[in-house]
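Subject: Structure for you to look at

Hi,

Here is the structure I promised to pass on. My notes follow below it.

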Amino acid sequence: MQAWAEDQGVGGSMISFVGDPGAELTKALDMEMTDDGPPSVGIIGRCKRHALYIEKGDIKVVRVSEGPDDPAGDSDPSATLVEGMLEAIAGSPVGE
């Protein structure tokens, strides 16, 4: 995960990349993909494309990129990209 953070230019910043090889967090957050999807992409058991905004241990914003015909959110990941998250954060009760 550190190599990915470095590659993305955020190594050592306030952004955390977290691995979940056993899917414990994925399941606890109810983010496990269960859609059959195309067998070629191996969707079942993968983590949904999501982003969280957490402040002082409290989850303030949860965004998931998925659609009826796009369980992985590949066609429209905008809800979990920077702009979508900033928009969601601006509308959330931050700092309470």
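Ile 54 is partly exposed, because its relative accessibility is 47% and the class runs between buried (under 20% relative accessible area) and exposed (over 50%), with a 1.4 Å probe and protein chains only. Ile 54 sits in strand β1. Strands here are DSSP runs of E, at least two residues; helices are runs of H or I, at least four; both are numbered from the N terminus.

This is a predicted model: local features need pLDDT of at least 70, side-chain atom pairs count only at pLDDT 80 or more, and totals for chains, interfaces and linings use all residues. Residues are numbered from 1 along each chain as its sequence is written, and side-chain values use heavy atoms, without hydrogens or water.

**Surface patch**

Ile 54 belongs to a nonpolar patch with Leu 52, Ile 59 and Val 62. Together they have about 320 Å² of accessible area (Shrake-Rupley, 1.4 Å probe, only the protein chains shown counting as cover). Patch members have over 30% relative accessible area and no salt bridge; nonpolar side chains (Val, Leu, Ile, Met, Phe, Trp, Tyr) are joined within 5 Å, like charges within 9 Å. β1 and β2 each supply at least two residues of the patch.

**Helix α3**

Which residues of α3 are buried? In this helix (82-90), they are Gly 84, Met 85, Ala 88 and Ile 89. Seen down the axis, they fall within an arc of 130 degrees, so they line one face of α3. The arc is taken from the directions from the helix axis to the C-beta atoms. The buried residues pack against β1 (49-55) and β2 (58-65), with contact meaning heavy atoms within 4.5 Å. On the other side, Val 82, Glu 83, Leu 86, Glu 87 and Ala 90 are exposed.

**Salt bridges**

There are two, counting a side-chain nitrogen of Lys or Arg within 4 Å of a carboxyl oxygen of Asp or Glu.

- Glu 66 pairs with Lys 48, with the closest N and O atoms 3.6 Å apart. Glu 66 is in the loop between β2 and α3, Lys 48 in the loop between α2 (24-28) and β1, so the bridge ties together parts 18 residues apart in sequence. Glu 66 is partly exposed at 43%; Lys 48 is buried at 19%.
- Asp 74 pairs with Arg 49 at 2.4 Å, N to O. This pair links distant parts of the chain: Asp 74 in the loop between β2 and α3, Arg 49 in strand β1, 25 residues apart. Asp 74 is exposed at 51%; Arg 49 is partly exposed at 32%.

Best wishes
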